Amino acid sequence: MAKISINLTSGTITKSATVIGIDLGTTNSLIASINEQDRTPFCLTKDDESIVPSAIHFDTENIIVGKKAISQLVSKPENTIYSVKRLLGKSYKDLLTSNHKLNYEIIDDNEQGLVKIKANGKQYSPIELSSYILQELKSIAENQLKSEVNKVVITVPAYFNDSQRQATRDAGKLAGMDVLRIINEPTAASLAYGIGQNTEEPKTVAVYDLGGGTFDISILNIQDGVFEVLSTNGDTYLGGDDIDREIQLYWASKYNFKTLNTNDEQLIRITAEEAKKSLSISNEFNTQLTVAGISYDISLTVEQLNTLIQPLVERTMQKCKNALKDADLSQREINEVVLVGGSTRTPLVKKTVAQLFQSAKINDTIDPDEVVALGAAIEADILAGNRKDMLLLDITPLSLGIETLGGLMDVLIPRNNKIPTKLRKEYTTSVDGQVNLKIAVYQGERELAADNRKLGEFVLKNIPAMPAGLPKIEMTFMLNADGILEVSAEEKRSGTKQVVEMKPQYGLSDTDIKQMLQDSIDNAQEDMAKRSIAESITEAEQLIYATDKFIRDNPNLLVDAEIAEITTLKNKLQASINAKAKDDIVSTMDHLNDYSRQFAERAMDINISKALQGKDITK
Ligand code: ADP
Ligand code: MG
């Protein structure tokens with residue numbers, strides 16, 4: 001499948017990189033490539049199966065990935081890891097807030113703050129575990145393509161933050177891959193349907209993705225090959241697994257099963273999933289099941305299933321409406337809907353989505369399990385330069401900035417800015433002779449940095465000593481196409497420079513992002529008041545600093561009584577700063593300024609007369 005090109009001048013033969021896209025899913029993962037003849041994408045398979053369950057089992061010697069790993073879930077749960085995507089880029093603290101239990105052990109690693117998982121008596125990071133899944137996919141592809149796979153595009157949910165994207169990229173690196181780009185799953189799914197290709201006409205697309213354990217709705221605007229995420233919404237704990245659970249509960253009450261052991265429970269769970277899948281193409285499901293030694297005739301009809309899952313489907317509708325609201329759109333403004341995820345095969349799901357987006361074209365002809373991987377392969381093909389008409393862009397969901405004087409958040413890259421992007425801003429020092437400058441980077445919408453999420457900090461060292469305000473410190477934020485942030489600080493006069501790539505300590509879920517946005521709206525008024533106080537405190541502190549400096553520099557200019565008066569006013573100002581009393585701060589500053597003006601004039605007169613005498617006035 002790989003393209004071979006011959007360099008005619010040197011005579012060397014180079015094998016062009018195989019085009020590869022990967023859907024690294026919570027429940028299932030897939031790998032796809034492109035047919036060189038007609039440039040259509042296709043999924044790679046092992047034993048005719050394209051779906052690789054995202055599960056890892058550690059037996060005494062080997063690491064097993066996929067279907068075989070899943071089969072160990074009942075007998076050896078502690079050494080069988082699933083849903084590792086939920087842990088990527090997350091801290092132990094992040095997980096405390098979720099009350100969803102996992103069957104394996106999670107360790108708090110204080111050094112990095114990122115979670116580790118205990119299996120097989122060892123500790124593994126979610127990055128390592130994800131890399132095992134990627135290695136399995138890589139070997140499936142290499143077996144089938146008979147060529148080396150290394151340049152890849154990997155998809156992530158649209159709401160993934162920098163930390164989670166970086167973790168995904170690292171997992172790829174660890175699996176021996178060169179990750180060309182991390183792209184959003186809804187973008188990939190739209191690409192697979194060719195939406196936005198070869199058209200100047202803008203399109204508004206809703207991507208409805210109901211997987212095994214997660215639900216995502218993304219609203220995209222696609223124009224001239226630019227994919228812009230207008231909004232995302234969803235539920236990280238809503239999916240096909242919940243449908244299975246509803247069926248299990250229904251059967252448990254209908255058939256009144258006797259006490260169940262783990263094996264029985266597992267059997268019922270698997271049968272429930274089987275029933276659900278078969279009801280996607282037929283009206284009734286029947287089987288015989290032996291539970292706790294008793295045989296039962298089990299059945300489920302489509303009507304019964306629909307009644308059971310109606311509330312779940314309704315919940316996804318609510319999320320869709322929220323996403324529309326965030327994007328400031330009505331459902332009539334959606335031109336196309338793309339169905340993604342195995343659970344969208346359920347007829348009630350399809351019907352309900354179609355009802356909500358009545359005027360849209362429903363795209364459901366591509367296998368909903370494969371559609372994301374297929375789109376990722378198309379993106380890889382675009383990056384390989386095989387489809388020159390296409391370009392991919394995304395946007396950043398939260399603002400990025402630094403903490404400035406008074407603890408205020410100063411935004412460099414605003415929320416919803418298109419990426420890749422590069423933005424610059426100039427800063428200076430506030431204290432004379434300052435040689436080190438601490439730069440703390442934050443993500444969020446609140447006025448005070450401390451209310452936002454800290455991504456990291458570093459110190460710009462060895463700034464040559466200069467009076468306050470003189471150094472020119474240029475901050476550059478570069479957000480690359482994967483949403484990874486490179487922060488650089490340079491003192492322009494001296495050339496002192498430092499560059500840091502942000503590896504955020506904590507991950508954020510989509511709910512966290514939404515919460516952060518909501519908080520900034522809820523607290524807008526209070527935040528503005530805080531900002532205004534912080535600004536006057538900064539101003540007042542600078543005035544105190546300047547006054548002290550003036551007294552120090554001009555020992556002979558003031559008489560004791562004047563110094564005493566200045567000290568009284570300064571103390572009063574300090575007290576109002578401590579009390580954070582904005583009005584007092586402003587009026588005391590006015591007093592101090594008014595009173596000090598005479599001395600400044602006096603100093604100026606002296607300097608002028610010195611200058612007239614031809615003396616040097618610089619100190
Ligand atoms: P993820 O994106 O979370 O990795 P998938 O998109 O692979 O998940 O979806 C897996 C879910 O799809 C499972 O809950 C599975 O039971 C469900 N599913 C698969 N096939 C069908 C079907 N024919 N009808 C209904 N649900 C299905
Ligand atoms: Mg998926």
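Analyst: Let me begin with a definition: helices (H or I, at least four residues) and strands (E, at least two) are DSSP runs, numbered from the N terminus. This is a predicted model, in which local features need pLDDT of at least 70 and side-chain atom pairs count only at pLDDT 80 or more, while totals for chains, interfaces and linings use all residues. Residues are numbered from 1 along each chain as its sequence is written, chains are lettered from A and ligands numbered from 1 in the order in which they are written, and side-chain values use heavy atoms, with hydrogens and water left out.

User: Where is the place of Lys-580?

Analyst: Lys-580 is in the loop between helix H13 (560–578) and helix H14 (582–612), and its phi is near 55°, a positive value in a residue other than glycine. Most residues other than glycine have a negative phi.

User: And where does Arg-39 lie?

Analyst: Arg-39 lies in the loop between strand E4 (28–34) and strand E5 (41–43), with a positive phi near 60°.

User: OK, on to the ligand. Which residues come nearest to ligand 1?

Analyst: Counting a residue as near if one of its heavy atoms lies within 4 Å, there are 18 residues around ligand 1, of which Thr-27, Asn-28, Glu-273, Lys-276 and Ser-280 come nearest. By class, the shell has no nonpolar, 12 polar and six charged residues, where Ala, Val, Leu, Ile, Met, Phe, Trp, Tyr, Cys and Pro count as nonpolar, Asp, Glu, Lys and Arg as charged, and the others, Gly among them, as polar.

User: Which helix gives the most to that shell?

Analyst: H7 does, with three residues; helix H6 (240–255) and helix H7 (262–278) each supply at least two.

User: Why does ligand 1 lie between domain 1 and domain 2?

Analyst: Domain 1 (18–193 + 366–383) and domain 2 (198–364) both give residues to the shell, so ligand 1 lies between them, with the bounds coming from an automatic or database domain assignment.

User: What lies 2.7 Å from a nitrogen atom of ligand 1?

Analyst: That is an N or O atom in the side chain of Ser-280, a polar contact, meaning here a pair of N or O atoms within 3.5 Å. A polar side-chain atom of Asn-28 is 2.7 Å from an oxygen atom of ligand 1, and a backbone N or O atom of Gly-212 is 3.2 Å from an oxygen atom of the ligand. Taken alone, ligand 1 exposes 580 Å², of which the protein buries 89%, by the Shrake-Rupley method with a 1.4 Å probe.

Conventions: Polar contact = N/O pair within 3.5 Å; in protein donor to acceptor, adjacent residues only side chain to side chain.
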